[in-house]
Amino acid sequence: MNPIAERVQELVKPYAGKPTELIQALHRVQSALGYLPKEAQLVVAEALGVPPSQVRGVVTFYHFFRTKPAGRHTIRVCLGTACHVRGAERVLSALKEELKVELGETTADGKFTLEAARCLGCCGLAPVMMIDEEVYGKLDAKRARQVVGQIP
Amino acid sequence: MITLTIDGIRVQGEEGETVLQVAKKAGIRIPTLCYLEGLSPRGACRLCLVEVRNWGGRLVPACATPVQEGMEVVANSARLQELRRAILEMLFAERNHICAFCVSNGHCELQDLAAELGMDHVRYPYRWLPFFVDLSHAKYGIDHNRCVLCGRCVRACAEVEGAATWGFSGRGISTLVEADLGEPWGQSKTCTGCGKCVQACPTGALFEKGKATSEQVKRPEILAEVKERRPRA
């Protein structure tokens, strides 16, 4: 058995045979691995006694779960109402172009994961994005590219 | 016995029977799509919405609402007709349902409902996100563009065949019915190839390979038949 599967098996032991604990088990696995690859989903399914199709249903339904590893930095572009009005779409497409990724994807070098958020709670700074814990406001396409370019 | 009225007609039902079952026995037609005899009700498509007059006119899905003493159900009215038609139009707007190019043309529950409810055009803009067609299975194919996400295949697979191969993945308009962990259908390790999902599918989304336009006739009634013949565990 491969090392990921072995590790997951250990992680889900407390939930063995308990289909109702599916979300808890997935949370535990994701916080340990950073994401939920298919081999991990399969182990969770077998251990809890849930069909793989249902595990996948839950994993793909909730935005929190990811099936690919995240980059070293996570960029969250706000697409909330205020940011939308003030040009969040232009910021987003500039970042997509700059990083050559679509929403939810990670750059080829594993540096950035690009995500969307529904409001970061600082509409006065619209349009905004967060990179990890840092907020960047009053963006436009040019400024967004600059900010991303300066992240080590 | 529970006594209630449906469209002013006094009817009786057993405890635990649904409004839909009682209406059916009384010969009162309520349109359905995601409901299929032999499978658990899901209340997903909302086409069987009925109005309960003495519950403040509340709309409830007939397939998933147990009958209660003294209920005054309206199963057919101008308001319900309009609602059902709007629901159908949204289904037609969401994915591509061009009958003329469909294996199920002429034998399609979605098409029949559109005719029954007088849906002569769609008032909403078509979305029609392009989806792929999975032909990896030896005997069957799935065209997600024709899928209405009723979940009859998912329930047939889990409840009658016991394989639970099918599941929903994703959410909203891009939800797909997919096998296991999203593998191509032909590579599924749990699929038994029984074809119950194909027979349960109300549209041309699931089909037998080798059928051309209009040639796919489904037998959704086999799900109830299979279930009835099975000895109780």
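In chain A of this predicted model, helix α1(A) passes α3(A) in a right-handed crossing. The axes of α1(A) and α3(A), the latter formed by residues 38-48, cross at roughly 35°. They come within 9 Å of each other. On the α1(A) side, the contact is made by I4(A), A5(A), V8(A) and Q9(A). These residues meet E39(A), A40(A), V43(A), V44(A) and A47(A) of α3(A). By class, seven residues of this contact are nonpolar, one is polar and one is charged.

Helix α1(A), residues 3-11, also packs against α2(A), residues 22-33. Two packed helices are described by the angle between their axes and the distance between the axes. For α1(A) and α2(A), the angle is about 135° and the axes are 10 Å apart. Helix α1(A) passes α2(A) in a right-handed crossing. From α1(A), the contact takes I4(A), V8(A) and L11(A). Their partners in α2(A) are R28(A), V29(A), A32(A) and L33(A). This contact of α1(A) with α2(A) holds six nonpolar residues, one charged residue and no polar ones.

Two backbone features of chain A lie in loops. Most residues other than glycine have a negative phi, and most peptide bonds are trans. The peptide bond joining A126(A) and P127(A) is cis, with omega about -10°. P127(A) sits in the loop between β2 (112-117) and β3 (129-131) of chain A. K138(A), a residue other than glycine, has a positive phi, near 45°. The loop that holds K138(A) runs between β4 (134-136) and α7 (141-150) of chain A. K138(A) has 11 other C-beta atoms within 10 Å. The cut-off for an exposed residue is 12 or fewer, so K138(A) is exposed.

Chain B contains six helices and 10 strands. Its C-alpha trace spans about 50 × 50 × 30 Å along the principal axes. The radius of gyration of chain B is 18 Å. Of the 233 residues of chain B, 42% count as buried. Among contacts in chain B with a separation of 6 or more, 64% join residues 24 or more positions apart.

D180(B) also has a positive phi, near 45°, in a residue other than glycine. D180(B) is placed in the loop between β9 and α5 (196-200) of chain B. Around D180(B), 26 other C-beta atoms lie within 10 Å. Burial requires 20 or more, so D180(B) is buried.

The contact between the chains takes 14 residues from chain B and 11 residues from chain A. On the side of chain B that touches chain A, β8 (166-169) and β9 (176-179) each supply at least two residues. Strand β8(B) gives the most to this side, with four residues. By class, the side of chain B that touches chain A has six polar, five nonpolar and three charged residues.

Terms used
Residues are numbered from 1 along each chain as its sequence is written. Chains are lettered from A and ligands numbered from 1 in the order in which they are written. This is a predicted model: local features need pLDDT of at least 70, side-chain atom pairs count only at pLDDT 80 or more; totals for chains, interfaces and linings use all residues. Two residues are in contact if their C-beta atoms, placed from the backbone, lie within 7 Å. Ala, Val, Leu, Ile, Met, Phe, Trp, Tyr, Cys and Pro count as nonpolar, Asp, Glu, Lys and Arg as charged, and the others, Gly among them, as polar. Axes are lines fitted to C-alpha atoms, for helices over the stretch in contact, and angles run from 0 to 180 degrees between N-to-C directions. A crossing is left-handed if the near helix is turned anticlockwise from the far one by less than a right angle, and right-handed if clockwise. The radius of gyration is taken over C-alpha atoms; the globule rule is 2.2 Å times the number of residues to the power 0.38.
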